[in-house]
Amino acid sequence: MKRILSGVQATGKIHIGNYFGAIKQFVDLGKDNDAYYMIADLHSITTVQDKEELKENIFDVALDYLALGIDPEKSVIFRQSQIPAHTDLTWIFNCITTMPYLMRAHAFKDAEAKAKEVNVGLFDYPVLMASDILLYSPDLVPVGKDQKQHVEYARDIAEKFNRIYGDTFKLPEEYILQDVAIVAGIDGRKMSKSYGNHIPLFAERNEIEKLVMSIVTDSKTPEETKSTEGDTLFTLHSLVSDKETLDKVRTGYENGGLGYGETKKMLVESMDSFIAPLREKRRELVKDRDYVLGVLEEGANKARNVARLKMQEVKEKIGLILE
Ligand code: ADP
Ligand code: TRP
């Protein structure tokens, strides 16, 4: 049994890329490990500053976790904002982290390049995430590829703390599945909410149809042979289709005879079959708000105990506890 920790920001509806790139690993790893899955609601307020929107987003992540099959009997599901140790530790880490080091973070550089006004919270994002991780001493941190740097930051910060104050934090490792590392969106770029090219994970059939039919392809005729490599339609098929359908697409591409229109129609069917049970489960959960809130409360109690112990150790190490 390994200790697993990960989290998702509460910033809107999740999509196929989030699922295959990150959350599916949470579900799989949660089955026979000691897993902690967080809703990173304090990270969300670096960007979401509307009260109702934030509340809805937080609840949405809880629904997503549960609908996708994270079992609250086995894994701890909790909200970061309910555990004060996350922000306590962030302050302590802030005091051993330099500004030039944080200025090298991809997320910060991207925001700067877009001439966005960067708030201090956004600048400090990697430090809060390091606290999220290090409080729970995980063996593995399952994330999508774009979060690799953040886990590296957590490792660096842990090393620095250990160097200054003595061995305290376990060095975390990221866990990234290579073959689904980046899921492409309907325009062929990385699927992302911010590009507006995503297929929502709980989409209704008509929405799936509209999005899949608009996936960008080249202009090869059905008769021409096609490459499966890097082909958005084929990649999405490989994620949601059964073996028989996938073989049919592969043969049709390699030998010619299968057009993109037909491939898309098959993808709509596969994707809808894949999504329908998830959609159904989520609908059931929405009706039982008290159950979902109960899961979060219970999760917070368990997480708080782990975090509190680590915080006590940290305070002792740095001289904040007087005997
Ligand atoms: P978005 O880019 O849509 O805003 P987030 O940054 O909120 O997505 O990502 C949430 C999680 O899902 C992260 O672990 C991230 O690495 C993963 N993820 C997001 N988009 C993809 C993608 N297209 N392929 C694989 N993983 C992804
Ligand atoms: N930054 C992560 C993302 O955008 C979310 C996150 C916050 C996280 N804290 C974490 C992921 C701790 C793993 C571990 O997806």
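## The site of ligand 2

In this predicted model, a polar side-chain atom of glutamine 147 lies 3.0 Å from a nitrogen atom of ligand 2, a polar contact being a pair of N or O atoms within 3.5 Å. A nitrogen atom of ligand 2 is also 2.7 Å from an N or O atom in the side chain of tyrosine 125, and a polar side-chain atom of aspartate 132 lies 2.7 Å from a nitrogen atom of the ligand. On its own, ligand 2 has 370 Å² of accessible area, of which the protein covers 90%; such areas come from the Shrake-Rupley method with a 1.4 Å probe.

The shell of ligand 2 holds 14 residues, the closest being Met38, Tyr125, Met129, Asp132 and Gln147, where a residue counts if one of its heavy atoms lies within 4 Å of the molecule. By class, eight of these residues are nonpolar, five polar and one charged. Strand 1 (3–9), strand 2 (34–40) and helix 8 (125–134) each supply at least two residues of this shell, helices (H or I, at least four residues) and strands (E, at least two) being DSSP runs numbered from the N terminus.

Residues are numbered from 1 along each chain as its sequence is written, while chains are lettered from A and ligands numbered from 1 in the order in which they are written. Local features need pLDDT of at least 70 and side-chain atom pairs count only at pLDDT 80 or more, whereas totals for chains, interfaces and linings use all residues, and side-chain values use heavy atoms, with hydrogens and water left out.

## The site of ligand 1

Around ligand 1 there are 15 residues, of which His15, Asp146, Val183, Ser192 and Lys193 come nearest; the classes here are five nonpolar, seven polar and three charged. Backbone atoms take part in the contacts: a polar backbone atom of valine 183 is 2.8 Å from a nitrogen atom of ligand 1, and one of glycine 17 is 3.2 Å from a nitrogen atom of the ligand. The side chain of asparagine 18 has an N or O atom 3.1 Å from an oxygen atom of ligand 1. Taken alone, ligand 1 exposes 540 Å², and the protein buries 87% of that.

## The largest nonpolar core

The largest nonpolar core has 60 residues, among which Ile16, Tyr65, Leu68, Ile199, Leu236 and Met271 touch the most other members; a core is a set of buried Ala, Val, Leu, Ile, Met, Phe, Trp, Tyr and Cys residues joined through side-chain atoms within 4.5 Å, and buried means under 20% relative accessible area. Helix 3 (residues 51–67) gives the most to this core, with nine residues. Because domain 1 (3–182 + 289–318) and domain 2 (202–283) both give residues to the core, it lies between them.

Terms used
A polar contact is a pair of N or O atoms within 3.5 Å; within protein, one must be able to donate a hydrogen and the other to accept it, and residues adjacent in sequence count only if both atoms are side-chain atoms. Ala, Val, Leu, Ile, Met, Phe, Trp, Tyr, Cys and Pro count as nonpolar, Asp, Glu, Lys and Arg as charged, and the others, Gly among them, as polar. Buried means under 20% relative accessible area, exposed over 50%, partly exposed in between (1.4 Å probe, protein chains only). Domain bounds come from an automatic or database domain assignment.
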